[in-house]
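I opened this entry to write down what I looked up, one item at a time. The sequence and structure come first, then my notes.

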Amino acid sequence: LRTKCTTLTAPAPFADETNCQCQAPHEKLTIAQARLGTPVDRPVRVYADGIFDLFHSGHARALMQAKTLFPNSYLLVGVCSDDLTHKFKGFTVMNEAERYEALRHCRYVDEVIRNAPWTLTPEFLEKHKIDFVAHDDIPYSSAGSDDVYKHIKEAGMFVPTQRTEGISTSDIITRIVRDYDVYARRNLQRGYTAKELNVSFINEKRYRFQNQVDKMKEKVKNVEERSKEFVNRVEEKSHDLIQKWEEKSREFIGNFLELFGPDGAWKQMFQERSSRMLQALSPKQSPVSSPTRSRSPSRSPSPTFSWLPLKTSPPSSPKAASASISSMSEGDEDEK
């Protein structure tokens, strides 16, 4: 068992380098028996194989399903070599050593079988004491066969898993081919040579020029963002200044109305000063007694009498003033 040979802190062992072999007698199991559970010392040995180029989440999910098909299982993963893969499928991005290591570090894998066969033979199944083979149920046509797992299905040893839509090695390679210029320019910028990238002299110059253009665009973009940030700050400060100005203006208007309004302090002060000015400009009243008028020596003496000033208010109009003057003259004539 893997738990006796290694832990999750170490990669899965290779089948040809480990002494962890199943010691229990290998009795034929049915899927129903496997689903009910087996003794601890007799886990269900499940086998999954593939190329596993550019190991991704779709691969990991398929292996997770294979590992959890039964309550007690031991997952063996076969990885085909470069020679076999190039012969039946095509060129790979990762070489076989890289693909082996990628599988060894997947948490669901208990054991890795290197140089796995393209078609499973009874001898291979017996050698590794395989109970069931896990793979997606889509017929896999290769090596002149419509389905390389046909004989496994007929023997009742096949258990299907589900493919993860939207992710595959072919999809990843398609993205790289589609965006080849972008990745080539990026790697040139990181220090890779044109020879390492298999890029011609003209394309190298074109990519480097495009990198310079992108740098300029990035600088312009940064300047625009900084300008927008500056404008936003100015707008915020302007808003604050306008708000403070409105508050100050309302305070100024209130103070002005309080001082110069209809009932303001300025009006009261003005009225007080006006009354004082009127009092200062108005003539004072004559004294109650005044010296008697003396007659001329040529005139005959006449009885003297005191001049009594009239306590009347000043004439309100010129006519009233002339009338008072004429009355005074008549009185003088009577005295004569």
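Is Leu54 buried or exposed, and why? I am working from a predicted model. I looked up the relative accessible area of Leu54 and found 17%. Buried means under 20%, so Leu54 is buried.

**Loop between β1 and α3**

I then checked where Leu54 sits, and found it in the loop between β1 and α3. I noted its phi, which is near 50°, a positive value in a residue other than glycine. Phe52 lies in the loop between β1 and α3 as well. For Phe52 I read a phi near 60°, again positive in a residue that is not glycine. I also looked up its accessibility: Phe52 counts as buried because its relative accessibility is 7%.

**The sheet**

Next I traced the strands. I found an open sheet of five strands, paired in parallel, in the order β3-β2-β1-β4-β5. Which strands stand at the edges? They are β3 (111-114) and β5 (158-161). Each has a single partner strand, so one side of each is left without a neighbour in the sheet. From one strand to the next, I noted a twist that averages 30°. As a reminder to myself, strands of a sheet pair through backbone hydrogen bonds, either parallel or antiparallel.

**Strand β4**

I followed β4 (residues 132-136) on both sides. It runs parallel to β1 (residues 44-50), and two bridges join them. Tyr47 has Val133 in β4 as its bridge partner. Towards β5 I recorded four bridges, and this pair also runs parallel. Here the bridge partner of Ala134 is Val159 in β5.

How many of the five residues of β4 are buried? I got five of five, so I wrote the strand down as mostly covered. I then sorted these residues by direction. Phe132, Ala134 and Asp136 point one way from β4, while Val133 and His135 point the other way. All of them are buried, on either side.

**Helices across the sheet**

Last, I asked which strands helix α3 lies across. Helix α3 (residues 57-67) lies across β1, β2 (73-79), β4 and β5. I read its angle to β2 as about 145°. Helix α5 (residues 96-104) lies across β2 and β3. For α5 the angle to β2 came out at about 165°.

Notes
Residues are numbered from 1 along each chain as its sequence is written. This is a predicted model: local features need pLDDT of at least 70, side-chain atom pairs count only at pLDDT 80 or more; totals for chains, interfaces and linings use all residues. Side-chain values use heavy atoms; hydrogens and water are left out. Two strands pair if DSSP finds at least two bridges between them. Axes are lines fitted to C-alpha atoms, for helices over the stretch in contact, and angles run from 0 to 180 degrees between N-to-C directions. Contact means heavy atoms within 4.5 Å. Buried means under 20% relative accessible area, exposed over 50%, partly exposed in between (1.4 Å probe, protein chains only).
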